[in-house]
Amino acid sequence: LTVLMPVYNAERHLREAIDSVLNQTMPAFEFIIIDDGSTDSSVAIVQSYQDPRIRFYQNAKNSGISFTLNRGIELAATNLIARMDADDICFPNRLERQYAFIQSHPDGALFSCWVEEITEEKEPIRVEKYLPHEYFYNLPFAFLLYHPSLVFTRDAVKSIGMYTVPYGEDYELVWQLSRRFKMYHQPEVLLQYRIS
């Protein structure tokens, strides 16, 4: 399993995000972190970690999230890639629970879970608990998924050209994947999604 996290000027919440990944109950994974030209202390924060699971890269210049994610997909050593953002918080069992769910749905290429929205100060806002099938059937009208909750197979993502647009890149990726592959939603809250 590969955890892929882009970083851009994320110093305020970055350490909390990194710690939430490194403290997973599932210990075996690689953690690709790519800095996209940060001008704050983000690079120094990442470099302060000595954990061998971290693979840290820096873009030559600020190139945007789609470029950064595509670079991470190419660098990943595994076919299963879990997304993470630099200001969100994984529950300690996130990877273990999602990996078990994925193993029980081997025909899927895209997986997601419920998240808890929180404020900058970690105050709870809400949990949107749609039924699993509603995420697929609502795609023509609304994007109900959260980007850092996604886990996808690299082979499937590469077959559709990976991330192709500079904005709304998560919606476009899911839309294109759902046209050719099965997607599954895990009805379990496994991540805190920070609204800022």
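Is Phe111 buried or exposed in this predicted model? At 2% relative accessibility, Phe111 is buried (under 20% relative accessible area; exposed is over 50%, partly exposed in between; 1.4 Å probe, protein chains only). The model is predicted, so local features need pLDDT of at least 70 and side-chain atom pairs pLDDT 80 or more, while totals for chains, interfaces and linings use all residues. Residues are numbered from 1 along each chain as its sequence is written, and side-chain values use heavy atoms, without hydrogens and water.

**View 1. Phe111 and Tyr184 form a stacked aromatic pair.** Ring centres within 6.5 Å make a pair of Phe, Tyr or Trp (its six-membered ring); planes under 30 degrees apart are stacked, over 60 edge-to-face, the rest tilted. Here the centres are 6.1 Å apart, with 15° between the planes. Phe111 sits in strand S6 (residues 108–118) and Tyr184 in strand S9, so the pair ties together parts 73 residues apart in sequence. Strands are DSSP runs (E, at least two residues) and helices likewise (H or I, at least four), numbered from the N terminus. Phe101, Phe111 and Tyr184 form one aromatic cluster.

**View 2. Tyr146 and Tyr193 pair edge-to-face.** Their ring centres lie 4.9 Å apart, with the planes at 65°. Tyr146 is in the loop between helix H5 (132–137) and strand S8 (151–153), and Tyr193 is in strand S9. Tyr146 is buried at 14%. Tyr193 is partly exposed at 24%.

**View 3. Cys90 and Cys113 are in no disulfide.** A disulfide needs two cysteine sulfur atoms within 2.5 Å. Cys90 is buried at 5% relative accessibility, and Cys113 is buried at 2%.
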